[in-house]
Amino acid sequence: MVQMYKNQNLEMNIQNLSNIALNRSLLRFMANGSNAKLEFEQFFKENYPLAVSFAVKFVKDLDTAREIAQQAFVNLYEKKDQLEIKTSFKAYLMQSVRNRCLNHFSRQQTIQKHHKAILDSSRESLDHQDQLEYSEFEHKVFGVINSLPEKCQKIFKMNRFEGKKNQEIADELGISKRTVETQISKALKILRKEIRVNSA
Amino acid sequence: MYPELTDEQYSLIIKHLDGSTSQQEDQQLEAWLQANTDNKASFDEVKALWTGAEEASVFEKLDVDADWALMQKNFTLHASLADQNESVSGKIRPLRWVASIAAGIALVLVSYFAYLNLNSTGGIQEIVLSDGTKVWLNEGATLDYPSAFSGAERTVTLTGEAFFDVAKDEAKPFVISTAESRVRVLGTSFNVKIGTNSTEVTVATGKVQLSDADNVNSTVVLTPGMTGIHMGDQVSSNTNENPNFLAWKTGKFTFDGTSITDALDQISNISEKPVRLDAGLQADCPLKAEFEHEPVVSMVETIALMCGLKVKIFNNAYVLVKLEE
């Protein structure tokens, strides 16, 4: 299913675009001027959610993923003067996140168990590039969910974020199951339309 | 690219994803999927959005601003620790050389007069000075003292933290000297903590005078239960808010209705790793507990348990965070 988006080659184009923007912000904060820290803050805020989401795919735990992502950012900031970034800055960041995730496993001395987990998840979506693209896809989905009409958004989040069944949501809100289904239809229709428009 | 679906088709797909289809509806869906490849592609697309939306919950749980603040806090902590290490090796040691040179001169002038240096690196050290004064040096502290006190005052030099139980001699005040501060006493017990920029004195018994090294007018007299702080040019005194100020020496912590933030700060004082609450976490959990010679980690675990939290090691600090739902 992820493959489907990749084959359309649209995700890739969007990523390339964002890389150009990222490299610009990188140049600004690498210049080490008086605004360096502000630029870094902006870079952090733009990329931190993605870095965490990417790390979660490996470590399967939100707090560990937060820690790993923060370490990767601190490391980038500390080393910004010595770095020679050959690819994109984001690619470097994500590589760093990935390496830290792998180090985390070896520290935990559960390499085999997690290696298996990584291999299993790899089979689903092939390689890390795909994992990253998938994180970006999820980030876009999240953006659209947050722009849904209030009632629709609430019901959709109860279902998807809180893992509630349609009947539970209906009981909790005192509405019919049919209404819940209608609102979820509406959310998916909008998602389908928006993600398509954004990609085109 | 794929044809828009009808409301009935959406309804069927959503029921299927929810796991609440009847057997008849399952067959209906199966037939529709088999009918043509576009149907299957549309179904896959909706299902991908459905799955993606579930995993997007990560973004909902993240508080980017809070984590930015947290990261900066850890980052500055890290940087200031590095600064401190530098000052230990780069600044204080030369001072000690000066002390040794001074001691060398003193040795020539008065034959029985010698300067000794005690450096507690491997834990707490206890020493009895020639006048009977007892000193407990916390880990990392250094005390310069003469083998015998001569002159009108008993003078020692301290870096780091120590507890003094000073032998009474009203004719000869006991003076603790640092680059910035003078602590002058007759006979008493008190704790001195020399930080990078500040000196902190907490009194257990008797009276202690804390003053600026260069300005004797800048001075406070401290009595039991008070803490004096010397920072910059300012010398001030407060009620001591930390009943556990001697925990580094006694190994005992007593919490009696203490807020979790204060308790963690107090433990942090003796801990190698900082101990704190997760940024933005409000925990209203007054503690009533006593610990005696407990490792930091087990105190922190116990407090977490008492407050329904859990302990994470986060950038080399113990952080109390919410239990996961």
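Reader: How many residues of chain A are in contact with chain B, and how many of chain B with chain A?

Author: Two residues are in contact if their C-beta atoms, placed from the backbone, lie within 7 Å; by that rule, 36 residues of chain A are in contact with 34 residues of chain B. This is a predicted model, in which local features need pLDDT of at least 70 and side-chain atom pairs count only at pLDDT 80 or more, while totals for chains, interfaces and linings use all residues. Residues are numbered from 1 along each chain as its sequence is written, and chains are lettered from A and ligands numbered from 1 in the order in which they are written.

Reader: Which elements give two or more residues to the side of chain A that touches chain B?

Author: Helices (H or I, at least four residues) and strands (E, at least two) are DSSP runs, numbered from the N terminus. The elements in question are α1 (2–7), α3 (36–59), α4 (62–78), α7 (128–146), α9 (166–173) and α10 (177–199) of chain A, and α3(A) gives the most, with 8 residues. By class, this side of chain A has 20 nonpolar, 6 polar and 10 charged residues, where Ala, Val, Leu, Ile, Met, Phe, Trp, Tyr, Cys and Pro count as nonpolar, Asp, Glu, Lys and Arg as charged, and the others, Gly among them, as polar.

Reader: What does the secondary structure of chain B come to, and what share of its residues count as buried?

Author: Chain B has 8 helices and 18 strands. A residue is buried if 20 or more other C-beta atoms lie within 10 Å of its own, exposed if 12 or fewer, and partly exposed in between; of the 325 residues of chain B, 27% count as buried. In helix α1 (residues 7–18) of chain B, the buried residues include Tyr10(B), Leu12(B), Ile13(B) and Ile14(B), and the helix is followed by Gly19(B), whose phi is positive, near 75°.

Reader: How do α2 and α3 of chain B cross, and what are the residues of their contact?

Author: Two packed helices are described by the angle between their axes and the distance between the axes. Axes are lines fitted to C-alpha atoms, for helices over the stretch in contact, and angles run from 0 to 180 degrees between N-to-C directions. Here the axes of α2 (residues 23–35) and α3 (residues 37–55) of chain B come within 5 Å and cross at roughly 115°. Trp32(B), Leu33(B) and Ala35(B) of α2(B) meet Asn39(B), Lys40(B) and Phe43(B) of α3(B), and these residues divide into 4 nonpolar, 1 polar and 1 charged.

Reader: Why does Lys40(B) count as partly exposed?

Author: Lys40(B) is partly exposed because 14 other C-beta atoms lie within 10 Å. The C-alpha atoms of Lys40(B) and Glu30(B), 10 residues apart along the chain, are separated by 9.8 Å.

Reader: Which strands form the open sheet with β15 of chain B, and in what order?

Author: Two strands pair if DSSP finds at least two bridges between them. In this case 3 strands form an open sheet in the order β15-β18-β17 (chain B), with mixed pairing, and the edge strands, each pairing on one side only, are β15 (275–277) and β17 (309–314) of chain B. Strand β15(B) runs parallel to β18 (residues 317–322) of chain B, to which 3 bridges join it, and Arg276(B) has Val319(B) of β18(B) as its bridge partner.

Reader: Which way do β10 and β11 of chain B run?

Author: Strands β10 (residues 208–212) and β11 (residues 219–222) of chain B run antiparallel and are joined by 4 bridges. A hairpin joins β10(B) to β11(B) through 6 residues, and Gln209(B) stands opposite Val221(B) in β11(B).

Definitions and conventions:
Expected span 1.5 Å × (residues − 1).
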